[in-house]
Amino acid sequence: MSEFEPKIVAFFCNWCTFTAADLAGTSRLSYPPNLKIIRVMCSGMVDPKYVIKAFLNGADGVLIGGCWPGDCHYINGNLKARRRVALLTEVLKQYGIGEERFWLRWIAASEGTMLREVAVQMTAKLKELGPSPLKNMGQMAI
Amino acid sequence: MAEEKPTGTVLVVGAGISGIKAAIELAESGYKVILTDESPQMGGILAKLDYQFPTDHCGMCRMLPLVGREYASQYCMRKSLFHENIEILPFTGIDSVQGNGGNYRVDLRKRARFIDPAICNELGKCIDVCPVEVEDEFNHGLTRRKAVYQAVPHNNPRMLLIDKQACTRCGECLKVCPTGAINLDAQDEVETREVHAVILASGVQLYNTRDFEDARSYAVSPDVVTSLAFERVLSSSGTYQGGAIRRPSDARPAKKIAWIQCMGSRNRRQHRDYCSSICCMFALKEAVLAKQKGGPEVEATIFYMDMRTFGKGFQQYRDKAVEEHGVKLIRCRVQGVMLKPDGSLMMRYHDPETNEFFEKDFDLVVLSTGQIPFEAHRRWADLLKAPLDERGLLATEQPGMVRVAGKPGLFLCGSLTGLTDISEAIISGIAAAGEAAKFLTALGVDTVKKEDIPEPASKARELPLVAVALCRCGEKTGAAGLDYELFRAELTRYPSVGAVQVIDSICKADGEAALLDSLAKTACNRLLIGACQPFIYRRKLKDVARKAGFNSAMVEIFDLFGVARRGMAEPSAADWTLRAAGEIKADIHSLKYKPALQVNTLPINQTALVIGGGIGGMTAALSLADRGVPVHLVEKEGHLGGYLGTRVEHTIDGLAPVALAADLRQKVLAHKHITVHLNCEVEKSLGTLGRFESQLRFKNNGENKYLHHGAMIIATGGREGATTEYGYGTSEKVLTQAELKRGLTDGNVDVSEVENVVMIQCAGSRQKEGRRYCSRICCLGAIGNALEIKEKNPDARVFILYRDVMTYGFYEQYYTKARAAGIIFVNYSPDAKPRVEMAEGRPVVKFTDPVLKEEMELPADLLVLSTGVDPGESNQGLADALNLSLTEDGFLAEADSKWRPIEFQKVGIYLAGTAHSPMPLKNVLLQAEAAAQKAYTYLSGRELPTAAVTSMVKDALCARCRRCVNICPYGARSYNEADKCIDIDAAACQACGLCAVECQNNAAEVRGWGDKQLMAAIDAKLMDRPLASAG
Amino acid sequence: MDLQEVSVKDLWQDVYSAGNLHYCFNCSTCISGCPASHGDPPLLVRNLARKLILGLEEELLDDDTPWACVSCSRCEEMCPMNVMPFEMILFIRQWQCRNDETRVPTAIVEIYKRGYTQAVGVNTELRESLGLPRLNTITNNPEQLELFRAMLMKTRIVSENDYMFGG
Amino acid sequence: MAEYAKLSFQKGGLNKELAAFFRGLLENGAVDGVLVPMAQNHKWVRLTLVTSASHTAGVDPFAPVAAVSGAKIASSLTSRPSGRTIAMVLRPCEIRAVVELAKLKQVNLDDVLLIGMDCLGRYENTDFVKFQEQGGTSEAFLENALAGKTSGPDFDIVGACKICEFPTAANADLSLCAIGGGNGAVFIEALTEKGGQTLEKSGMKPSEAPAGRNEAVKKLAAARLEARDKKFAEFRAEVNSFEALADKLAGCVNCYNCRVACPVCYCKECVFITDTFRHTGEQFMMWAEQSGMLKMPTDTMFYHLTRLTHMSLFCVGCGQCTSACPNGLDLMPLFRTCAEKTQARFDYQAGRSLEEEQPMAGFATDELIEVTGQVK
Amino acid sequence: MQLCFFPGCNTPAIRPDVERAIRASMPVLGIELVDADNYVCCPAFGSFPSADEEAWMATSGWNLSIAEEKGCDFVVQCGSCYSSLCMGREHLLHDAEKLTRVNELLEPAGRQVTGKSRVRHVSEVLFKEIGPEKIAAHRKKSLKGLHGVVQYPCHTLFPSEVVGFEESPRAPQGLRRLVEALGAAVDGYSRELQCCGGAGGFMKSTPEQAVAFAKAKFDAILAETKADFIAVSCITCLMHMERVQNTLNEQIGEERYRIPVFDYNQLLALCLGFDPKQVSAICSVPRDSVISRMTDVNPNT
């Protein structure tokens, strides 16, 4: 049986984290293909619905990548995102999807290395945790 | 038919911060810009800096245009910059400049890169095989690179090139290059271009450890680095990627780090009697970062002479660095560094606090290396045959300003105008652009004309059917392992995909024709194009699509090459192609649900409102009015002139404010485009860029007047600082510097008989209570007054009691001059302030001499207090009226202290002068020009389209809870009390999507980033296998 | 200390008017690497400059530390303001000598007497054993020595203190 | 501030005395209207907007029923305000919802006199009909409930009320106090200056504070809190996974009654009935094909999870969602357990204060560091 | 090349073996030395320069006139003499008034000074005029296998405009290259550029601190290098660095500090094959450990 390959939906901010992903690409820092990157303009643009949707559709993890506090192109979208992530985490973790599957990370444009690090760590963590509890329920959960 | 006017074109030399800013400003105003840089990359020094104070982070992208954002790239500026009106020529020097203003002929030398970026597929196989290793200058020699290299790690496209000096012509790269992009015999190309104006933004040389003898006492090991090199040590893309702070020699963690200030500056002996201005804050920032990155056990010590925290927020940053982060400041200039065998760096210093000597080992020593301006100035003077002033700098019409004397159409910005930090580079960049724009307006040249292809009707309501066009780009992408046939077959399986075309070189004429041809035949109503460098070709490709009947909103372009490149490391081409196809699915799905987007023309009232009739306000008003913009100038007093313009005859650096104000006043009053409103203040202002309505209230009769205008500039100035310290108010012998200055001018203060004059700096400033900030002008003011006293009465003894002498930049020469004149400077610490007692009607000043550690006392004939500058009393009211915020200190809070220093989050309102923070007149003038230019960009009468992607409100769904208004960082949303609905300022909105998330039922949404699109993309990303129905 | 009591202007003009003194901004470069700053009391060059600038005549006159200088001239090299501190030290010493004859170094008497601060060229045996020639010292040439003394006698320090020189 | 007026009544005369008070308010011109629970012609008690002093006879504020959350009515009356002053008699939970709605600009309190009341619980609407049919009166309910008995023969107060730790009103101007007033008396407490002035205007005489009130309220709240925690523990033990949650929500038919009834679900239209969730046949097929089958209607769990994120910060625990569900889903504990967590995370309590900023409206640089766990 | 040799006082009086070494080596390397007849004190910084500027200038002028008369530059070994003469010349060259006055004073003695003769330190001549390569080529003996440290005379470094000859006075190379030319390895150490502390009044006024100051230097040499010897290029450094080692040993009662100190000219003369008894006769820290380990240079290799 092949090893469990977690699927991670990664919402990356256009300005910093997506640049870091590009930088990782051009620097040939390969990171696990488990990341399914969706570019958004700002981490603050990630609606809780998207995260819920991703989990309901079978994501094993959701990663939001934003600029470090102070870096945000839109000044503070990332800080607003952080509150929302805290809120959504409180909701989801009651039923089994906690901080371990739902990550917010600050990854600056230069941090190609950190991007890889985060991708590697999260993939490893999810492998350890196994598939998302929602996954077993298939499309019945939506 | 009217005669066709030429398109105004400006050459901007130097693509550092100020050059880029000048270029963007001109481009946004509709002029054509050629932006060159000597180095192979853009960004100047800033490309190397990941962190800027005060946030200790980056915010470079904030300098991109806001209103015309869709004409420019919208991604991190470290990747690259694109603007439709800017032609960027990196690695290009200037051979000669001929002709006159309005008609310059410039020989540009495009240096050979030896790799043709148009052919190169950027896979970097050549880098792998290149046998030559040299120091990587981007990382200041702390790392090594090949002779084939990428100048900046973030660059995208990578823009590889070959270092001619290092290359051994072994030819290995030629063997592996799959596209034949390498030509080792390539030559520089010299191209003559005609431009109307030239802006020099080349920056100046930086002091370094290689070329200067005085650095050798310190640079005894690789672990002694310059401050810029230390940025690379800190950087995540630098020497120790993502790790702790390590010392270069052996990569051991550096725990004890020292900074040595004034390296290369403030040195008469080395003929560098100026202050580099930026190093103090740079060092403080680096020390804080070192503490943050390296952990609490890191010791950060800064050896300094004066900690020059003169700018807005600087003093607070210093306080925080010391009090919260534990950065240690020691006022001592050390003689040198001694290297021990274990690599540690020993320094001996005198600690003035304990009055003891210490010998201490450090792991890493950072030299705060300053700027060396003369060489760059001399080079330009030779090339332009322009004169140098007595300091050896290019002569400008006013000192430190942007117009080169006697050279119409030639302007300076950035560090060529003096030694500048980021915000000043930005301001001078905008000011230079403004002067250039004024010059172009006077020449009567035109702005860039857009080709008019009618927008076809959107077929958004039809059942989505997507056409996909993939550019093969001369096998460039093919070489990345993309199997086009498989790609095409895979995509064709999706039900919503109507056609997949693979086209050779879409960017070329043939490819364009092929694309047009294939689209003409298709029944599809949406189009997805995969091409390299999508931003560069975006408009052109959209034009082609429009010709083929596709509405722009229904066309998306993705970076096919970026997708391909991500597969570089993939072992199997076939597998990779399938994965790439999988990635594209999300784009297809998103496009399917994309709504129709519209671009509207912004309604613009071309009038400007300038608040504040001081020198700054009048300068801004004239700058606009001279370009035909009608201006309302509002002044709360009954006369124009402001503080400086009515009280200060001359400044130390040779400006004459009263005369200047008189001249400006005359011009303002006579100007047909300027309407002056005296004795009134702005009570309330509503609206958005292009349509503001402001209510003026007249002080004398309480009447109101309503003005309609398209933009406004706040130049309300400040107030003389007040104090109750040091016996002020108890004796006529105790006065403020301002009072002394007036007294010296009008003769009311007679110094012919005085024996002892004592001046106390920072009275009521730079402390927790009262003015927390440095007022920036007082040291200069005190020195000016002291010199005047000395001139009038050489026998007078003048003592200046100071904390840090804030004579940054070339102002240092006045400090030097003052000392040479025998003025005695006495440092005091805020813990042990001077004390003043009155005895026999004279103030007796007691203080501790910091050098001799002895108590001194001196009866003063005059005690003069530098009380600084208080924020203008109308700041609060103005902030309320305009819905702006104030800093804790009571000055107007700009959008971003570094990158948008004279703007507010809301577009259309700009800031100049002391309303921003205390500053010398030179900076007021620069800011006034810059603010005028910002306003002019939108008031010039050109048609201003909104962005296509902006937020919207679905009125029927909207509950008017106004959470979107509250959350919008740009003030783009407001509640319309009259119509009971949410208004959107389409110019201000940057489509960040915060409102859409805050709005729980999507009554607020960003067009083009809707929930349906995003959720379809999530679906696509998580689809395990292609649709079964597609088989 | 009451600064009213001391005279600022005259002192530095009297001692060291070379012109660069006032450029000093107390940066401490001169003292951070000075060998004699290790002494007790330490030689603190910038303090000497400070005393000069503030006009602390008495304090400077009583100050022995200028005489601890090793003449290495590091301060001279490193001073960013070109104050030329080593020269300043020499000028302070000269001023002290002018105002306090007990400060006058006895070495100058030796030089007056025999051309050198010590006996040179008298160790003929040792020199010969090393194969060295006889040295044509001024001590051994009374005619030149007399001319030398006559020259020195025309200088202020020697003429004013002629009693020291057996004059 | 605590100012009291005593309202003594003969047995069976409570509502009469209360009517007199409200009549007084209208007659004295203290307010232009009173929104107050009032007996309808034959059965039910409903919030009624009374503008005429002569129409106050039927007031019945303590009737154990809340057919519609009063907060919703308050929103209707004031979101586009009349400019006239209205006194609103609302239950504590309704006032807490009003506080949230005011922050959300759905209620305008400018011209509102909020009159709270002690709440000992409410019956489901159908149960209230039974209660009425069985001759139940508010006065009797109060008496029994204060003695600890709320149940009827085959009904009891709703689950939400049983675990409600807020039996008294906060953030009101006046409050009708039944707890601890002794037999034959209720007290009117002025909680604000405005309330005090109104009380004065109404012509009521100030009185001593009800002696046993504090103690009794404390005791009741403690008992409720204990019940609440027990209920929470039970619920959390039962619904501790998405599978259990799916079971709990299995009966959901996307009728959205819960959100219509919810006082703090203030959207004009729920996003789940907008275009965003109007999927195409192709989409349904695609989802079904992912695992071979697809439960219809879709988006039930999605809806509830989203509602939890949207509303749990504002949830006041009124239990209207449970009351509204046609399929008997007990949503109240789901929301209340979730709300306890989310509100605690931001040190927020729905309805606690008008001054407290709703958590999603703000941000700070130095907070919630644990979310990313990253320091530079 | 002809140079006028200014012997100073300490060298001929106390360490004539150093003088011998210079007089021996120079002609081998093509330098003809002429004697400075009737030279006087340089003057030492502690003498006229500390007492009277005019007397200082006059004395300097007296000396400079001797070289000028010979028509060549001075070559000096003593750091103090070198620096004092350089500074004297500098003052005279840049102050016409002083020059006139000095010539007035010199006139009765039939002397005249113009500043045409330069003052050169012996290590400058060796490093710049002769060069390490030529020196290496003339070696008969080698210091191969030996480690040394170098002590630059402060007086030849600072102030660089007046006395300097190094490319980089703050990172001097001359003495190091010269010692390396003799075959030895030169070890660097942290306090290499620290002054020996021997000149001027430091040692006289606070001997305890002056010795402690030098001790740090010796401790660094012992801890950080494999030094078999110290090469100096100034008579004060030579005498002081020997004396301090003996003082330190006395203080601690053991022979911890016993690194032989040579003037470079002595090492040079030894390597050129001159008799140690003549060119390296006088010392208070024994030098046998170095001299005995010198090896013959095979002219064919």
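## Who touches whom

Two residues count as being in contact here when their C-beta atoms, placed from the backbone, lie within 7 Å. Keep in mind that this is a predicted model. On that basis, 46 residues of chain A meet 45 residues of chain B. On the chain A side, at least two residues each come from helix 1 (17-26), strand 2 (35-40), helix 2 (48-56), helix 3 (77-92) and helix 4 (112-129). Helix 1 of chain A gives the most, with five residues. Sort the side of chain A that touches chain B by class and you get 18 nonpolar, 16 polar and 12 charged residues.

Some pairs don't meet at all. Chain A and chain C do not touch, with 36 Å between their nearest C-alpha atoms. Likewise, no contact joins chain D and chain E, and their closest C-alpha atoms are 35 Å apart.

## A parallel sheet in chain B

Chain B has an open sheet of five strands, which run in the order 13-20-14-15-16 with parallel pairing. At the edges sit strand 13 (224-226) and strand 16 (328-331) of chain B; each has a single partner strand, so one side of each has no neighbour in the sheet. Going from one strand to the next, the twist averages 25°.

Strand 13 of chain B pairs with strand 20 (residues 364-369) of chain B over three bridges, in the parallel sense. If you want a spot to look at, B:V224 has B:V365 of strand 20 as its bridge partner. Helix 4 (residues 227-234) of chain B packs on this sheet and touches both strand 13 and strand 20 of chain B. The direction of helix 4 of chain B makes about 100° with that of strand 13 of chain B.

## Two crossing helices in chain B

Further along chain B, how do helix 14 (residues 615-625) and helix 16 (residues 657-670) cross? Their axes come within 10 Å and cross at roughly 40°, so helix 14 and helix 16 of chain B are oblique to each other. The crossing of helix 14 of chain B past helix 16 of chain B is left-handed.

From helix 14 of chain B, the contact uses B:I615, B:M618, B:T619, B:A621 and B:L622. Helix 16 of chain B brings B:P657, B:L660, B:A661, B:L664, B:R665, B:K667 and B:V668. By class, the residues of this contact between helix 14 and helix 16 of chain B are nine nonpolar, one polar and two charged.

Methods:
Residues are numbered from 1 along each chain as its sequence is written. Chains are lettered from A and ligands numbered from 1 in the order in which they are written. This is a predicted model: local features need pLDDT of at least 70, side-chain atom pairs count only at pLDDT 80 or more; totals for chains, interfaces and linings use all residues. Helices (H or I, at least four residues) and strands (E, at least two) are DSSP runs, numbered from the N terminus. Ala, Val, Leu, Ile, Met, Phe, Trp, Tyr, Cys and Pro count as nonpolar, Asp, Glu, Lys and Arg as charged, and the others, Gly among them, as polar. Axes are lines fitted to C-alpha atoms, for helices over the stretch in contact, and angles run from 0 to 180 degrees between N-to-C directions. Angles under 35 degrees count as roughly parallel, over 145 as roughly antiparallel, 65 to 115 as roughly perpendicular and the rest as oblique. A crossing is left-handed if the near helix is turned anticlockwise from the far one by less than a right angle, and right-handed if clockwise. Two strands pair if DSSP finds at least two bridges between them.
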